[in-house]
Amino acid sequence: MIQVVGHSNPDSDSICSALAAAEWLKVSRGEEAVAVSQGEITGETAFILNEAGVEAPVLCENVEDQKVWLVDFTDLGQGPEGLDKADIMGVIDHHRLGDLTTVNPLEMWIWPVGCSSTILFNLFRMENVKIERSVAVLMLGAIISDTVAFRSPTCTDKDREAAQQLAEEAGISLYDFADRLLRAKTNLDGLTIESLVDRDLKQYAINGANVVVGQVEIASFEQVEDKIEALDAELQARCEQKGFKLASLMLTDITTSTTRLLVKGEWAEKLKSDSDDRWVQMEDTLSRKKQAWPWMQKVLAA
Ligand SMILES: [Mn+2]
């Protein structure tokens with residue numbers, strides 16, 4: 001049995017593309033495959049699964065000596081326990097290449113597009129496999145989520161094209177679905193400070209040190225104004241507990257494409273232009289992958 005797994009603190013792409021990839025392995029390759037996840041799903045992902053009529057994947061256990069396909073990441077630090085000793089058979093991803101290495105040759109589909117599901121859609125096409133409605137909804141949801149309804153600079157024509165065709169095949173109004181999805185994405189009701197930090201937290205290695213960058217997408221800064229102090233304290237605590245040189249959180253207003261980057265830890269000062277600033281103000285910044293992280297990486301590595 002092949003386990004298909006996305007990154008830790010799974011976002012909608014990690015969950016939906018894992019489910020769709022497991023389906024693709026089954027129908028196009030005749031493999032036995034199952035999607036697994038590395039954590040609780042978000043409200044947005046629950047919305048997509050509900051629209052698709054699909055159950056959430058079961059939680060992943062140690063994958064040592066197991067056959068796995070990875071979706072949406074190639075960093076060991078974002079993988080499940082035992083991944084360094086797993087048999088990695090394939091990868092479908094749209095991030096920069098991480099630090100994974102493999103023992104055996106593998107199949108690798110990494111495209112610079114807005115979402116892993118856009119690649120998957122093309123794999124279904126390439127192998128002439130019919131896409132079931134539920135799988136189309138999963139992939140469509142992932143694409144809208146990752147590209148923030150096509151607004152992100154990571155979005156390409158391939159993402160728009162895939163989304164349009166998937167919406168058509170699933171008989172869904174793209175704009176109505178996107179609107180409802182974004183409302184689910186930016187709904188923070190009932191979320192604890194800890195879970196806001198964790199919800200999309202990614203760990204990276206720089207010069208032998210570990211740093212983490214989270215992201216919370218919101219519809220207005222008013223939603224987080226009274227949480228900033230507590231979020232800062234939580235980031236500081238993470239640095240102390242885990243030895244991170246930097247723990248940071250992007251608060252991204254998706255309606256104005258503006259990000260406030262909260263930063264804590266020894267390296268926080270490297271990112272601030274004035275040490276009295278409460279956060280790093282980033283205009284025109286929606287994407288961690290394409291905008292925030294490349295800049296942070298450059299500054300932190302210097
Ligand atoms: Mn993704």
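Begin by selecting D284, which is exposed, with a relative accessible area of 59%. The model on the screen is a predicted one. D284 sits in the loop between β11 (280–282) and α10 (288–301). Its backbone deserves attention: D284 is not a glycine, yet its phi is positive, at about 50 degrees. As background, most residues other than glycine have a negative phi.

**Second stop: D72**

Next, select D72, another residue other than glycine with a positive phi, in this case near 70 degrees. D72 lies in the loop between β4 (67–71) and β5. Is D72 buried or exposed? D72 has a relative accessible area of 1%, so it counts as buried.

Which protein residues supply donors to the manganese ion? They are D13 (OD), D72 (OD), H94 (NE2) and D146 (OD), and these donors lie 2.1 to 2.3 Å from the ion. Along the sequence, the donor residues follow the spacing D-x58-D-x21-H-x51-D. Within this set, D13 and H94 link distant parts of the chain, being 81 residues apart. D13 belongs to helix α1 (residues 12–29), whereas H94 is in the loop between β5 (87–93) and β6 (107–110).

Now colour these two residues by accessibility. D13 is buried, with a relative accessible area of 0%. H94 is likewise buried, with a value of 4%.

Move to S37, a residue of strand β2 (residues 33–37). The relative accessible area of S37 is 3%, so this residue is buried. Display its side chain and then the backbone of G39: the side chain of S37 reaches the backbone oxygen of G39 at 3.1 Å. To see what else surrounds S37, set aside its neighbours within four places in sequence; the contacts of S37 are then I15, P57, V58, L59 and C60.

Select residues 116–126, which form helix α3. How many of the 11 residues of α3 are buried? Eight of them are, and the helix is therefore described as mostly covered. The buried residues are S116, S117, T118, I119, L120, F121, L123 and F124. Just after α3, select N128, where phi is positive, at about 55 degrees.

Zoom out and colour the chain by domain. The domain assignment gives domain 1 (2–185) and domain 2 (193–301). Taken over C-alpha atoms, the centres of domain 1 and domain 2 are 25 Å apart. The contact draws 15 residues from domain 1 and 17 residues from domain 2.

Between them, domain 1 and domain 2 bury about 1,600 Å², of which 51% is on carbon and sulfur atoms. Select N9, P153 and K185 on the domain 1 side: they supply 32% of the area that domain 1 buries against domain 2, more than any other three residues.

How many salt bridges does the rule find across the interface of domain 1 and domain 2? There is one. To inspect a salt bridge in the viewer, display E217 and K185, whose side chains meet in one at 3.1 Å, N to O. Across the interface, the rule also finds six residue pairs in polar contact.

**Last stop: Q223**

Finish at Q223, in the loop between β8 (209–218) and α8 (228–242). Is Q223 buried, exposed or partly exposed? Its relative accessibility is 25%, so Q223 counts as partly exposed, the class between the limits of 20% and 50%.

Not counting residues up to four places away in sequence, Q223 touches T186, L188 and I218. Examine T186 in particular: its backbone oxygen lies 2.8 Å from a polar atom of the side chain of Q223.

Terms used. Residues numbered from 1 in each chain as written. Predicted model: local features only at pLDDT ≥ 70, side-chain atom pairs only at ≥ 80, totals over all residues. Heavy atoms only, no water. Donors = N, O, S within 2.8 Å, 3.2 Å for Na, K, Ca; no water. Helix = DSSP H or I, 4+ residues; strand = E, 2+ residues; numbered from the N terminus. Buried < 20%, exposed > 50% of the residue type's maximum accessible area, 1.4 Å probe, protein only. Domains from an automatic or database assignment. Contact = heavy atoms within 4.5 Å. Buried area = accessible area lost by both parts, 1.4 Å probe. Salt bridge = Lys/Arg side-chain N within 4 Å of Asp/Glu carboxyl O. Polar contact = N/O pair within 3.5 Å; in protein donor to acceptor, adjacent residues only side chain to side chain.
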